[in-house]
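Hello,

Here is the structure we spoke about handing over. Please look through it first; my notes follow below.

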Amino acid sequence: MQLFAVQNLLLYYDTDTQWPAVYKTNKTCREKEAVMAAGQNQVISLSAKTPFLSGCSEEDDVITCVNDRRFRSARERWWFLAISNCNTTKGLNLQYKFHMTNGPPEDYWRHHFSADEFYILPLLITFLFIYVVLLFAVLIFAVELRSRQLLHTTYRQFIVSVMLQTLGIGTQGFSYARYAGDGIGSPLLKDIGRFLEAASENIFLLMLMLLAQGYTVTKGRLKLSAAVRLTIFMCLYSAGQIALFAWENQLFDPGEVLYLYESPVGHGLASLRIIAWARALLSTAQTLAKGAGSKVRFYKRFATLAALWFISGPILVLVSSLWVDKWVRETVWCGASHTIALAGHIAFCVLTRPSRANANFPYHVRTSQVGVMTPTMRETEDEENTFNQHAYAPSSAVIEQALGQMGRKTSPHQQNGDWASHVPVGLFTVSQQVNNNASSMTPAAAEVTTPGVSTESDNSLSPDHEQRRITTQDGVQKF
């Protein structure tokens, strides 16, 4: 309105003598305008008296300005737009709309993006393709592990982490693709994608912490104190992630070029990840010290890969904050953070692939074996030593002794180690049961006892039709 004329459009750039020298300072209006060079057209007077400079016209006491400007500089710069009127005490009154672009309209990859976002969409598309392939491989491995009853909780967590990361990248990619088309995009979809990626990171971190303590590898459960400490830590880490999102959405100052982790919450989150690495390293050392047996090879490689994953995040935060220029920081962070996540997922996938050639494979206790553990075993303080090193079957000496007492010979299949594919639990004990009431034609029955499940042969049947009777813990007999 004419009452508030003449207002000025001020164009600051990011050098120390420009925007940082006036923003959040006690300088007067004139002093803030004086920092701009007169010959660089950084002050645009929004007056109808100079339409060839401002593009303004006046109608019904309303000034309307429509114009365009080109920004040229030696490097990528942040530009800050401000409005001033140093000749009034009534304040400012205007409605505005800016459409800022980089490159020609036909340049889909750059037209609507800021210079620090030029390569984010191609990066997201590349990572999405890689993660789809990785997810397909992980699901194939999961089917194989399930068929062997080796699909443990930790591997399920790994699958969920990969799926969430894939969904997060895809959601963000879709948001950036919309932004490339209309310059607006979908901020909500972008936030959802980032939230899914944060959830993926949390689940992967939890999985690494559990494996470091031997869970599903050398023990069937954690100590109560260890489980409580881990729960508290994961709650703190998750709360830090949520607080970081809230800080960005509510407290981020658009007048400053702030990096996401340039905040107390970001620093605290990076510190928690270093603490998590220290805890995982200590837990791995304790697991090895208590006797990891054949899992030593796995844990040596696991400790190295986990350490690299844990500390890479804080190192990236430090490098990005101190040494990466602000006008490329967004792209660098996008590429580096997704590379770290992808490297961690691929490394764990390779380390746990179900292949005979993989000497590092950690799972040798079947899920059904963990499920039949007795209450006494569940109530013990720690169960690292309840998982035998050869968990598929009894040792060959026990088998030979039991079969010899039964008057049977070891078959070629048993000599070749085929017990591993037919006997699912290594906690079984084999003993001889002599039935004095049996017929002389009935061979002595062998009793196989498992924790919580007992079996016995019903010798009232003929030798050719031996019936097994199973007595469960609740006393119910099943045939």
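Is L139 buried, partly exposed or exposed? L139 is partly exposed, because its relative accessibility is 38%, and that value falls between the 20% limit for buried and the 50% limit for exposed. Please keep in mind that this is a predicted model.

L139 belongs to helix α4, which covers residues 120–147. In sequence, L139 and I159 are 20 residues apart. In space, their C-alpha atoms are 7.5 Å apart.

Next, the sheet. Three strands form an open sheet in the order β2-β1-β5, and their pairing is antiparallel. The edge positions are taken by β2 (43–46) and β5 (79–84). Each of these two has a single partner strand, so one side of each has no neighbour in the sheet. On average, neighbouring strands here are turned by 20° against each other, with direction ignored. As background, strands of a sheet pair through backbone hydrogen bonds, in either a parallel or an antiparallel way.

Between β1 and β5, which run antiparallel, there are six bridges. L9 stands opposite I83 of β5.

N8 is a residue of strand β1 (residues 7–13). N8 has a relative accessible area of 14%, and it counts as buried because the cut-off is under 20%. Which residues does N8 contact, leaving aside its neighbours within four places in sequence? They are E33, V43, I44, S45, L46, A82, I83 and S84.

Then the helices. Helix α6 (residues 187–212) has 26 residues, and at 1.5 Å a residue it should span 38 Å. The C-alpha atoms at its ends are 38 Å apart, which agrees with that expectation. Just after α6, G214 has a positive phi of about 90°.

How do α6 and α10 lie to each other, oblique or roughly parallel? The axes of α6 and helix α10 (residues 326–351) come within 12 Å and cross at roughly 40°. Angles under 35 degrees would count as roughly parallel, and the two helices are therefore oblique to each other. The crossing of α6 past α10 is left-handed. On the α6 side, the contact is made by E197, S200, F204, M207 and L211. On the α10 side, H338, G344, H345 and F348 take part.

Regards

Methods. Residues numbered from 1 in each chain as written. Predicted model: local features only at pLDDT ≥ 70, side-chain atom pairs only at ≥ 80, totals over all residues. Heavy atoms only, no water. Helix = DSSP H or I, 4+ residues; strand = E, 2+ residues; numbered from the N terminus. Buried < 20%, exposed > 50% of the residue type's maximum accessible area, 1.4 Å probe, protein only. Contact = heavy atoms within 4.5 Å. Expected span 1.5 Å × (residues − 1). Pairing = 2+ DSSP bridges. Axes fitted to C-alpha atoms, helices over the stretch in contact; angles between N-to-C directions. Parallel < 35°, antiparallel > 145°, perpendicular 65-115°, else oblique. Left-handed = near helix turned anticlockwise from the far one by under 90°.
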